[in-house]
Amino acid sequence: LGLVDLVFEINKGDRDSYKKIRAELESYEIENWICPHNSFRSGLLSWQIRARHKVGYKNWNTQFFFHEKIN
């Protein structure tokens with residue numbers, strides 16, 4: 001496989017979209033989770049996902065959701 005195996009798109013502000021993706025992700029064994037968004041809502045979703053390693057932006061309101069934080 002390539003660098004990224006799967007990409008999920010969530011409609012911003014659509015609660016059902018978040019729930020659907022979260023439920024679907026429960027069926028996967030996730031090695032690395034990379035969150036490309038610098039928002040609290042994306043950080044919270046990342047926190048709820050079971051993954052061995054989570055990477056996201058270092059921000060005052062999301063830094064606790066990730067194992068590795070980037071500027």
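Is Lys54 buried or exposed? Lys54 is buried, with a relative accessible area of 7%; buried means under 20% relative accessible area, exposed means over 50%, and partly exposed is in between (1.4 Å probe, protein chains only). The structure is a predicted model, in which local features need pLDDT of at least 70 and side-chain atom pairs count only at pLDDT 80 or more, while totals for chains, interfaces and linings use all residues. Residues are numbered from 1 along each chain as its sequence is written, and side-chain values use heavy atoms, with hydrogens and water left out.

Lys54 belongs to strand β2. Helices (H or I, at least four residues) and strands (E, at least two) are DSSP runs, numbered from the N terminus. What does Lys54 touch, not counting residues up to four places away in sequence? The list is Trp33, Ser46, Trp47, Ile49, Phe65, Phe66, His67 and Glu68, where contact means heavy atoms within 4.5 Å. Trp33 is 21 residues from Lys54 along the chain, and the C-alpha atoms of the two are separated by 4.6 Å.

Ser46, one of the residues that Lys54 touches, sits in helix α2. At 0% relative accessibility, Ser46 counts as buried. Leaving aside neighbours within four places in sequence, Ser46 is in contact with Trp33, Cys35, Lys54 and Phe66. Gln48 is also found in helix α2, but at 35% relative accessibility Gln48 counts as partly exposed.

The next topic is the nonpolar core. In soluble globular proteins, nonpolar side chains tend to be buried together. A nonpolar core is here a set of buried Ala, Val, Leu, Ile, Met, Phe, Trp, Tyr and Cys residues joined through side-chain atoms within 4.5 Å. The largest such core has 11 residues: Tyr18, Ile21, Leu25, Ile30, Trp33, Cys35, Leu45, Ile49, Ala51, Phe65 and Phe66. Helix α1 (15-25) and strand β1 (30-34) each supply at least two residues of this core, and α1 gives the most, with 3 residues. Ile21, one of the core residues, touches Phe8, Glu9 and Ile10, not counting residues up to four places away in sequence.

A pair of aromatic rings is described by the distance of the centres and the angle of the planes. Rings of Phe, Tyr and Trp (its six-membered ring) pair if their centres lie within 6.5 Å; planes under 30 degrees apart count as stacked, over 60 as edge-to-face and the rest as tilted. By this rule there are 3 aromatic pairs. In one of them, the ring centres of Trp47 and Phe65 are 6.4 Å apart and the planes stand at 45°, so the pair is tilted. Trp47 lies in helix α2 (residues 40-48) and Phe65 in the loop between β2 (51-57) and β3 (68-70), so the pair ties together parts that are 18 residues apart in sequence. Trp47 counts as exposed at 52% relative accessibility, whereas Phe65 counts as buried at 13%. Together with Phe40, these two residues form one aromatic cluster.

How many salt bridges does a search of the whole structure find? The search finds 2 salt bridges, a salt bridge being a side-chain nitrogen of Lys or Arg within 4 Å of a carboxyl oxygen of Asp or Glu. The side chains of Glu29 and Arg52 meet in one of them, at 3.0 Å, N to O. This pair links distant parts of the chain, with Glu29 in the loop between α1 and β1 and Arg52 in strand β2, 23 residues apart. Glu29 counts as exposed at 67% relative accessibility, and Arg52 counts as exposed at 53%. Arg52 also meets the side chain of Glu31 in a salt bridge (2.7 Å, N to O). Here strand β2, holding Arg52, is linked with strand β1, holding Glu31, across 21 residues of sequence. Glu31 is partly exposed, with a relative accessible area of 45%. Through shared partners, the salt bridges join Glu29, Glu31 and Arg52 into one network.
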